[in-house]
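Here is a short tour for a reader who is new to this structure. It starts with one residue and then widens to the whole chain.

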Amino acid sequence: MTIDLKFYEEDWQRIAQSWNAFWAGELDRPIVMLEIATGSFGQDFVNWTPYIPAALQNLSIDELLDREQVRLEQMRWYGDAFPKWWLNYGPGIVAGFLGANVHAVPDTVWFSPARQTPIEELALTYDPTNRWWRSVQEVAQRAIARWGSAVCIGQTDLGGNLDILASMVTTEQLLYDVMDYPDAVVRQVATITTLWQRYYDELEAVISHAGRGSTNWGPLWAPQRSYMLQSDFSYMLSPAMFERFVLPDLESCCAALDYPFYHLDGKGQIPHVPHLLGIERLRGIQWQPGAGQPLGHHWLPLLKQIRDGKKLCQVYVPPEGALTIVRELGGKGFILAIDPPTLTEAEAEDFLRVLAAEGGFTWTQ
């Protein structure tokens with residue numbers, strides 16, 4: 001089935017030009033990610049779930065891709081946005097690859113231990129026959145066979161090392177384990193890091209056949225291997241514990257990637273920023289304030305700290321938030337993902353004109 005997108009080869013060339021300049025530090029404006037839905041999107045997707053494990057409870061893979069194609073054909077991409085579809089199996093699906101129970105409902109996916117095993121006895125191994133690992137690969141292959149290079153297929157949310165380990169033993173137990181069995185935790189996260197990189201490599205080998213670069217669940221595009229690294233568990237850790245249990249994993253993954261970013265989720269992770277800024281190969285940091293917190297543009301000192309630390313910075317902001325950042329900090333080095341994406345096409349075009357006027361830049365045609 002041929003996909004009919006309002007996005008053409010010249011648009012892909014423009015996207016590659018802008019993003020490559022951004023990564024090289026040569027783009028004197030922000031990257032702006034703005035996509036909107038047209039047509040009957042709301043009516044067509046009243047019962048839509050973005051989580052593939054939940055969707056596949058009621059749909060075949062072909063039916064899932066049929067539905068996603070309707071959505072993609074109704075999308076429009078502005079600024080530096082592009083057609084993408086990422087393999088959403090839930091945050092930290094590597095736990096499922098390693099044998100954890102996968103619980104899927106329309107609005108989330110979560111994981112629980114298949115059995116209670118002390119952390120010292122946990123044996124984590126690669127299983128090529130695991131149903132979830134096979135499913136991710138098959139869906140990726142089918143999506144590429146259908147859409148070819150028209151859509152950039154994004155890596156699944158593999159998860160962070162401690163987040164995956166928490167799914168194998170429970171978060172509560174891991175909080176005890178980092179205190180009572182720290183050496184076992186170090187050993188297990190090192191094993192997870194090795195496995196994580198294998199899953200990434202094998203899935204990226206599938207995705208790369210589309211020939212449209214690399215993306216993931218975050219609003220990123222890169223010409224080669226990229227990922228939004230994370231460690232949500234580290235919200236509950238001191239900087240010293242972050243250095244021991246998380247930093248080696250991040251450094252190893254950054255060394256294996258060309259364009260790594262880090263998902264800084266919530267103010268409890270702000271104490272870890274100095275460690276993150278010290279990772280030479282880490283390209284940038286995404287700031288997510290968390291539920292109930294002021295939006296991204298209300299954290300200007302933190303955003304400035306990230307950029308002054310020679311890292312790129314990505315935030316989700318409403319249109320007025322994007323204008324605030326450009327006015328106060330300038331746009332260079334920022335990825336501004338406009339959220340919520342509720343503008344009309346005319347409003348999107350007007351917003352981009354205003355943003356360019358405020359920032360003193362022009363859009364690449």
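Thr170 is partly exposed, because its relative accessible area is 23%; buried means under 20%, exposed over 50%, and partly exposed in between, with a 1.4 Å probe and protein chains only. Thr170 sits in the loop between helix 7 (161–169) and helix 8 (171–180). Helices (H or I, at least four residues) and strands (E, at least two) are DSSP runs, numbered from the N terminus. The phi of Thr170 is positive, about 85°, although Thr170 is not a glycine. Most residues other than glycine have a negative phi.

Lys310 also has a positive phi, about 70°, and is not a glycine. Lys310 lies in the loop between helix 13 (300–308) and strand 10 (312–317). Lys310 counts as exposed because its relative accessibility is 74%.

## How to read the model

This is a predicted model: local features need pLDDT of at least 70, side-chain atom pairs count only at pLDDT 80 or more, and totals for chains, interfaces and linings use all residues. Residues are numbered from 1 along each chain as its sequence is written, and side-chain values use heavy atoms, with hydrogens and water left out.

## The whole protein

The protein has 15 helices and 11 strands. Its C-alpha trace spans about 60 × 45 × 35 Å along the principal axes.

Of the 365 residues, 55% count as buried. Among contacts with a separation of 6 or more, 74% join residues 24 or more positions apart; contact means heavy atoms within 4.5 Å. The protein exposes about 15,400 Å², and carbon and sulfur atoms supply 50% of that area. Areas come from the Shrake-Rupley method with a 1.4 Å probe; for residues, only the protein chains shown count as cover.

## Strands and their partners

How many residues of strand 1 (residues 31–37) are buried? The count is 5 of 7, so strand 1 is largely enclosed by the rest of the structure. Strand 1 pairs with strand 2 (residues 75–79) in the antiparallel sense over 5 bridges. Two strands pair if DSSP finds at least two bridges between them. Glu35 has Trp77 as its bridge partner in strand 2. Strand 1 also pairs with strand 11 (residues 334–338), in the parallel sense, over 3 bridges. There, Met33 has Ala337 as its bridge partner.

Strand 10 is mostly covered, with 5 of its 6 residues buried. Trp287 stands opposite Val315 in strand 10.

## Two helix residues

Is Gln188 buried or exposed? Gln188 counts as buried because its relative accessibility is 4%. This residue lies in helix 9 (residues 182–207). Beyond its neighbours within four places in sequence, Gln188 is in contact with Ile119, Leu122, Leu124 and Leu165.

Ala357 belongs to helix 15 (residues 345–359). Ala357 is exposed, because its relative accessible area is 63%. Ala357 and Phe111 are 246 residues apart in sequence and 47 Å apart in space, C-alpha to C-alpha.
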